[in-house]
Amino acid sequence: MSGAAENPGASGLVARETGPGATETNGKPSLAVWLLVGSAFVMVLMETVMSVALPTLVTQLHVTVATAQWLTSGFLLTMAVVIPITGFLLQRFTPRAVYLTSMSLFSAGTLAAALAPGFGALMAGRVVQAAGTAVMVPLLMTSVIRLVPADRRGATMGTITVVIAVAPAIGPTLSGTILTTLGWRWMFGLVLPIALIALAAGATWLRMAAETRRVPLDVWSVLLSVVAFGGLVLGLSAVGEAVRGVGQLSPGPPAVAGAVALAVFVARQLRLQRDGRALLDLRPLAHRAFTISLLLMMLGMMSLFGVLILLPLYLQDVMGVNAFATGLALLPGGLVMGLLGPVVGRWYDKLGARPLVTPGAVVLCLALWSFVTLGTGTPLWLVVGMHVVLVVGLSLMFTPLMTDALGLLPGDLDSHGTAIVSTLQQVAGAAGTALFITVMTLAAHDPTKATDAPGGQAAFLVAAAIGTVAVPLTLLVGRRKPGS
């Protein structure tokens, strides 16, 4: 990436564009924003697309389940390592340079994965894919906050809900369909042309006016962030396998190393941000609205990723539903969340955050408690209905919280705010997965076997408790929306 203009008094995008990517005078999202939304959707979709494919890959690539799981865990790990650096990248380089680099990495990783002769090459392709994805999501959120007028921002941020929540939700459905009809390589082969088209479109049309500043890169901060966030996600991801007795890595050392490095990283950023040299400026956390919204988003992501992990296991291992039907059972919820995202965004523009977030948390809580009642004889249609109710609650929460968190930050902190939100969402997702898998395994009659009813119900009970904690916290969310 290159082309940054030295301008110590400016940071990132200005609220003006020229050319095909220009913000329209009626305040609707620009072509540039929609290009970013579409690109990010395809990239985030690949985060969970491997989950249903793992049994097939174990057989065809001659690896163990614990090894194959790294195709998902490694993706999350790479995201957690790269995202903290995006605050620096979005200030130092133009949006066009960041976009083209991100999409080039994703395309290269997708090609490598599609042609992979074995597990090692496939794993390398997934890592390169994740590196591109990690940069794209903060770029999208920062662009919306800086380019879209405050009175229209909620509706546009609603589309980001589609990227962050819907894409991972429909990943297993897409994976199951492709596996049934074509084979695992086509999960990448079908995505590659889309990625290349998006890359060409960005090179041709993405001309957002931008100001950048020559921010120094603190190498020690980069190294600390790699150990801190990488160690935490790595340790959390290994917990479930360790409890089951099938893991190849002890979760303790990476988690402890990550926690220690995180403490040192935070101390270093607090010192460096005094003169504007922090890799990840932590001043957004001093804003009450940002911190409250961030905490609630993390609880929501724990619930979402927990259900995305627990529900497919429960349907297949306890209720005897096949992989393809399991993917289809999760599809209505993903579609509902996609439809509700922009609608909730428009409601936010009119009502603000709290009138939406509090009812959303109540609906989420009720849905999670309903999952505790699941049994071997529960009709599949009822499970689908529970999942739809769950995503309705999450939809009412995510868009207002994200818009509130980022929209109230000063302009020089928004790129760092998006990096903090994106990083901690990954950590929360990994923590939720580790927590629920651990509880499910410990509560099972035989922890070495597949998921059983007692283990699943215990894990859903913990998820419901987390949802209950979120309800009173929503009363701390501000009544007014940014710009009002």
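1. Val226 is partly exposed, its relative accessible area being 34%. That value falls in the partly exposed class because the class runs between the cut-offs of 20% for buried and 50% for exposed. The model is a predicted one, and the points below should be read as descriptions of that model.

2. Val226 belongs to helix H11, which covers residues 219-244. Setting aside residues up to four places away in sequence, Val226 touches Val81 and Gly231. Its C-alpha atom is separated by 9.1 Å from that of Thr78, a residue 148 residues apart from Val226 along the chain.

3. Leu182 is also worth a look. Leu182 sits in the loop between helix H8 (153-181) and helix H9 (186-189). With a relative accessible area of 47%, Leu182 is partly exposed.

4. Together with Trp186 and Leu190, Leu182 makes a nonpolar surface patch of about 300 Å².

5. Which residues is Leu311 in contact with, leaving aside neighbours within four places in sequence? They are Leu330, Phe371, Leu374, Val383, His387 and Phe460.

Notes: Residues numbered from 1 in each chain as written. Predicted model: local features only at pLDDT ≥ 70, side-chain atom pairs only at ≥ 80, totals over all residues. Heavy atoms only, no water. Contact = heavy atoms within 4.5 Å. Helix = DSSP H or I, 4+ residues; strand = E, 2+ residues; numbered from the N terminus. Buried < 20%, exposed > 50% of the residue type's maximum accessible area, 1.4 Å probe, protein only. Patch = residues over 30% accessible without salt bridge, like charges linked within 9 Å, V, L, I, M, F, W, Y side chains within 5 Å. Areas by Shrake-Rupley, 256 points an atom, 1.4 Å probe, with all protein chains shown as cover. Salt bridge = Lys/Arg side-chain N within 4 Å of Asp/Glu carboxyl O.
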